[in-house]
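Reader: Please show the sequence and the structure, then take my questions in turn.

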Amino acid sequence: MTHSMLFGTLSWSVFPTNVVAIGGGVILVGGVLAVAGLATYFRLWKYLWREWLTSLDPKKIGVMYLVVSAVMLARGGADVILMRIQQATSVGAHAGIVSASHFQQLFSAHGSIMIFFVAMGFMFGLINLVLPLLLGTRDVAFPFLNSASFWLFVAGAGLVNLSLIIGDFSTAGWLSYPPLSELAYSPGSGVDYWIWALQIGGIGSLLSGVNFLTTVARLRATGMTWMRMPMFAWTVAGSMSLVAFAFPVLTVTLALLWLDRTLGMHFFTAGGGGNMMMYVNLIWSWGHPEVYILILPAFGVFSEVVACFSGKKLAGYASMVISIWGIVFLSWLVWLHHFFTMGAGADVNAFFGIMTMIIAVPTGVKIFNWLATMYRGRIRFATPMLWFMGFVVLFTLGGVAGVVMAEPPADYQLHNSLFLVAHFHTMIVSGVLFGYFAGITYWFPKIFGFRLDEKLGAAAFWFWTTGFILAFGPLYVLGLMGATRRLDHYAAGLGWQPMFIVAGIGAALVMIGFALQVAQVVRSIRMRETLRDTTGDPWGGRTLEWSVPSPAPEYNFARLPLVHGRDPFWSAKHGGAELWGHEPYEDVRVPKNSSLGVLIGAFALLLGFGAVWHIWWLAALGLLGAVACVFVRAFSENTERTISGERIAHLEAAARRHAALPV
Amino acid sequence: MTGPTLMTPEMRAEDSKAVFGFFTYLMTDFVLFAALFATYAVLRSGTFGGAAPASVFNAPFALLETLILLSSSFACGLALLAARRENLRNTLLALSATFVLGAAFLALELSEFSRLVASGAGPARSAFLSSYFTLVGTHGLHVALGLIWMSALALSLRMRGFTRGNLRKLALWSLFWHFLDIIWIFIFTIVYLFGII
Amino acid sequence: MLIIAGAAWFAHAHGASFPLLSPAGPVGLAERSIMLFTFALSGIVVIPVFFLLFYFSYRYRAGHPKARAHHHPEWDHPTRFHEVFWWLIPSLIIAVLAVVAWRSSAFLNPYNPIGAAPALTVEVVALDWKWLFIYPDQGIASVNRLELPAGVPVHFLLTADAPMNSFWIPALGGQIMAMPGMTTQLNLEARATGTYDGASANISGEGFAGMAFAAVSVSPEEFDAWVKEAKSAHRPLDATAYRALAAPSSYVPPTLYSSVSSGLFPSIMMSYMEPSGATTSMMMRM
C-alpha cells in the first residue's frame, strides 16, 4: 500500500466498484443530501442547531439518540435483506448477489451496527428521556458530558457509514478475532474502520455510564431512598455499573489490536510471541457483560410497563432488586462460555457452564414476578403490553436454547452454528429491542405530548413477532442440520435452501413491521390533536414522570417532588401524601446550549478517519481539537441560565389545565 | 471536602456529584490498567527470542523514577494544603514543583524507552516488549495529560483565584495525580521488581 | 411454527439431514442426549410460564366481566411461600443441570480417548481455505477428504497455518478450534460406514465457505485399500508441494499425497512459536 503525507493510504481505488456496493453508497449519499436539502429548503438549520444539536437537555439528546438509532436500524436492516437474499440464492452452481468478501462485510457491519449503534443507542436514548423524570430531578449529573457522549456515538456511527463510500468495512466478523483481523490476513482499512467506530462510540458509552451512574446515585428526589426507586432506575444503575467496569476492557482490547496493526506490535499476532486467545478472553470479558448492559434497562422498562398496564404495584420489588444485582455479578463469571471449543480443560468449561446456567435463576425470578404483577390486575393490552407478551414467549424459548448451550458438551455441537445465531438474536431482539420499543411507545406522550397510534403499533407488533419467528425458527432448524454461521455459499445437496427461503420471508415481514413503525410515527404526528395527552397521565401511571405535564417542560419539575414511598404519583392520585408543597415557584437554573459537544464529535470523526487511512496530520488535528474542546468547556464559566419563577408559573398554568393532579 | 467559603446546599450537591463521578471515572481507569496488567502478565514470557525482562530492566533507574513521582505527589499535597489556606503564591509554587518533578519523570521514562528502541528492543520486537511499552506508556500518557491539566488549572487559578470551580478542579486533579502514583507502584512492583527477580 | 415445520419436512424430503439429532458416532450420541435432557428439564419452568402468562392475560384482562371485582391494586407481595417457590424451583433444575454439566464436561472432554481400543491418529492442519489431513502412521496425507475406518476411535491433533478455524463433523460430534502455533485435540468415532459432511465453523477469511470436506467412514479393509491407493499416487508432500498447497485457495477438490515428512505437523506449529522453542502460551490449556 502506498502512503503519502497528505492523503495517507487513500487513493482513487477506495471507491466501490460493484453494483450492490455502489447502490448502498448512492442511497447513503442521497439520503444525507436529501435531509440536508430539506433542512435548507425549509430554513431549518438555525432551528435544528439551536433547539436540538447544541442542546444539553437530556430529553432532546434522548430524542436525537432515538432518531440516529432508528436510522442505523434501517442500515443494519438493509444489510439483513442482502444477507438473506444471498443465503437463499447462493447455492450449488448459483453464486448469489454479492461476493464472499462483500457478504462478510455485511454481517460484520450488521453485528457491529446493531449492538453499538442501535441497541446501545435506543438504551441511552430512553435513559436520557426518562431517567431524570423517574428520579424526580431536573437533569443528569453532567449535562455537557452527556452531549459529548452523544456526539461521540454519532461520530462512531458516521465512521461505519463512511466505509460504505470510502474503502471497505471489516470482513472479520463483529468481534474481529485475530489473527484474521491482524494485518497479515486483513491488510485493508476495513478492520481499522471497525476499531475506530467502536472505539469512539465505546468511549462515548463509557462516559455515559459514569454520567448515569452518578445521576442515580446522587440526584434522586428528596425522600427517594434506594428502595423507593422505580425499577427502571435500579436496572439503569446495574447496567451502568457494568458499563463502567466492562467498557474500559473494550477500549484496551481495541487499542491493542490497533497497535498490532499499525505499529507492528505482537499482542495477538500469530507468531512474535502474541497470544490470540488472550484477545478472545479480553473481548468477551467485555462482550458478555455487554449483553446484560443492554438487557437490564429493557427489564426495567418491562417492570414499569407491566405494573402500569396491570394497574398494580410491581410484585416482589426486593426480589427484583436482588435478581438485578445477581445478574450484574454473575455476568462477570460467564465469558468463557463463548469459546468452550477452544480446548480449555473440562473443569474450566464446566465452571463457566454452570455459572451461565445460574444466571437463568434470577432471570426466571423476574419473569415470575412480572406474572405475579399481572395476577389480580386489570390488564389493558396497549402496544407496550403486547411487546411484553411477545418478549416473555420468545425470550423464554430463547433462554431454553441458551441453557442447552450452557452445557459444554452440547455447545461443542451447537457452537458457531446457526442455532447459536438464532439463540442470540432471540435474546437480543425479543429482550432488548422489544423492551425498548415498549419503552418508546410508553413514554412517547411524555416527551412529545401525544400518544402513538395504537392500531399501527399493534400491526407492527404482529409483523415483528410473526416475521421474527419465521426468520429465526428456520435458523434453529438449520443449526440442527449442521449449518455453520457466516456462509456466503453452500452445496445444493445439503438441502438447506428451503429453510433459508423461509427465513428470508420472515426477514421481509420484520421489515414491514419496521416500516409500519415509521408509518405509525408519521400518522401519529399528523393525528396529534386527536392523540394529544392533555392530562400528563395518559396510561394511569404510577411514577413521578406522569405527574408533570406532557410534553415534559424543559425544567421537568416546577417544584421538586417529595417522595414518601414507592409509586409516589399513584398514591398522590389516590389520596396519599402530596408530591409538593404550595409555595411560590422559584427560579430554576438550566444549562445553556453548547456547541462544544458537536465539535468534539466532529473532531473525533476526523481522528478516526485520519487513523483509518493513516493521515496522521488529520488524526492529530482531531485529537488535539477534541482535547482542546474539553479544556475550553472545563474552564468556561457562566454555563447556566435562569428560568424565572413567574415564567414557570405561567407555563405551568397553561400546561396543567387538564392535569390529573392539581398544581 | 470542606471549602473556605460558605456553601449552599446546591454547592454541596455539585461537589458531591463531581466527586462521585470522578471516583467512578477513576475506577474505570483502574479497570483499564487492570486489563493492561493482565495482558502484561500473559505476554511477559512471550519474548520470541528477544530481550527478556531481566535483561531489559534497570532497577536503580526505576527506583529513581519512583522516588521522583512520589515526591511530585508530595508537592501536589502541599499545593492542596496551601489552597485550603487560600495562599495563591504557595499553591502555584507547589504546583510548579509538581510540574517539574512530573516532567522529570516523563523525561526519564522517555530516555529509557529510547535506550530500549536503540538497542533493538522496541515494541514491535516481541509480545513481551509490546505489552511492556504499552502498559508503561499508557501510564506515561496519563502523566502527560495530568501535567497539561495542571497547567490549565494553574492558569485558571492565576486568572480567577480560588473560585469554587477552581478549588473543586484542584481537588479532583490531586485525586488523579495520586491515582497515577498508585498505578506506578503496581508497575514498579509487577514490571520492574518481578522482572529483575 | 407450522410453516417452519412444513419447510423442515420439505427440506428433509429433499435430502436435508439432521446430523445433530441422528449422529453416527458415540460422541455425537452422548452430546445429543445432553441437549435433549436439558431441553426437557427446562420445560418444567417454561410450560408453567406460558400457561400463567396466557391464563392471567385472559382472566385478569380489563375487559373481563368481573375485572373490577378481581382487581387488587395494592397486592404486591407474593407470599414468602411463593417467592421461595420461584427462587427454589429454577434453582433445583439448575442444580441438576449443573451436575450434568460437571460430569459431562469431564466425560465428554474432547481430549479424552474413546474406549480402550488403539486409535487412529490424524493430524489436521487448517489452511487458507482447505483442510490437510496427515496420517502419520500410514505416512500419507489427504486434502479435503477425511477417510476413516468405521468402528475405530480416531485421535485428531489440530493446528492451523491460517487464522483460527473450527473443525466440525456434525454427524460424529462436537467441534474444536484449530489455531496457529498451538495444538488442540479431538477424539471421535464413526460407528457406521457412510459419508458425513464436515466444515470449518469459524470464519477464517474470504474463502472460508469453501472449506467443506467429506468425512468418509469405510470398513477397515476399504481403509487399507485407500491407504494403498494414496501411496501409489506418486505425489509426495514435500516442502515445495506444501508451500503451493498452503497458498490461499478454496473449494479445493480432494487430493491425495503419497508420502509426507513426519516432521511436517510439528514444524508448521513451531513456525509460529519462539525461535528458542519454549512454549509461549499459558492460556493454552486453561
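Reader: Among contacts in chain C between residues at least 6 apart in sequence, what percentage join residues at least 24 apart?

Author: This is a predicted model, in which local features need pLDDT of at least 70, side-chain atom pairs count only at pLDDT 80 or more, and totals for chains, interfaces and linings use all residues. Residues are numbered from 1 along each chain as its sequence is written, while chains are lettered from A and ligands numbered from 1 in the order in which they are written. Two residues are in contact if their C-beta atoms, placed from the backbone, lie within 7 Å. Of the contacts in chain C between residues at least 6 apart, the share joining residues at least 24 apart is 73%.

Reader: What is the order of the six strands in the open sheet of chain C?

Author: Strands (E, at least two residues) are DSSP runs numbered from the N terminus, and two of them pair if DSSP finds at least two bridges between them. The pairing in this sheet is mixed, and the order in chain C is E8-E5-E1-E2-E3-E12.

Reader: Which strands of chain C stand at the edges?

Author: An edge strand here has a single partner strand, so one side of it is left without a neighbour in the sheet. In chain C this applies to E8 (184-188) and E12 (255-257).

Reader: In E12(C), which residue is the bridge partner of Val143(C)?

Author: Strand E3 of chain C covers residues 140-143 and runs antiparallel to E12(C), with three bridges joining them. The partner of Val143(C) in E12(C) is Thr255(C).

Terms used: Helix = DSSP H or I, 4+ residues; strand = E, 2+ residues; numbered from the N terminus.
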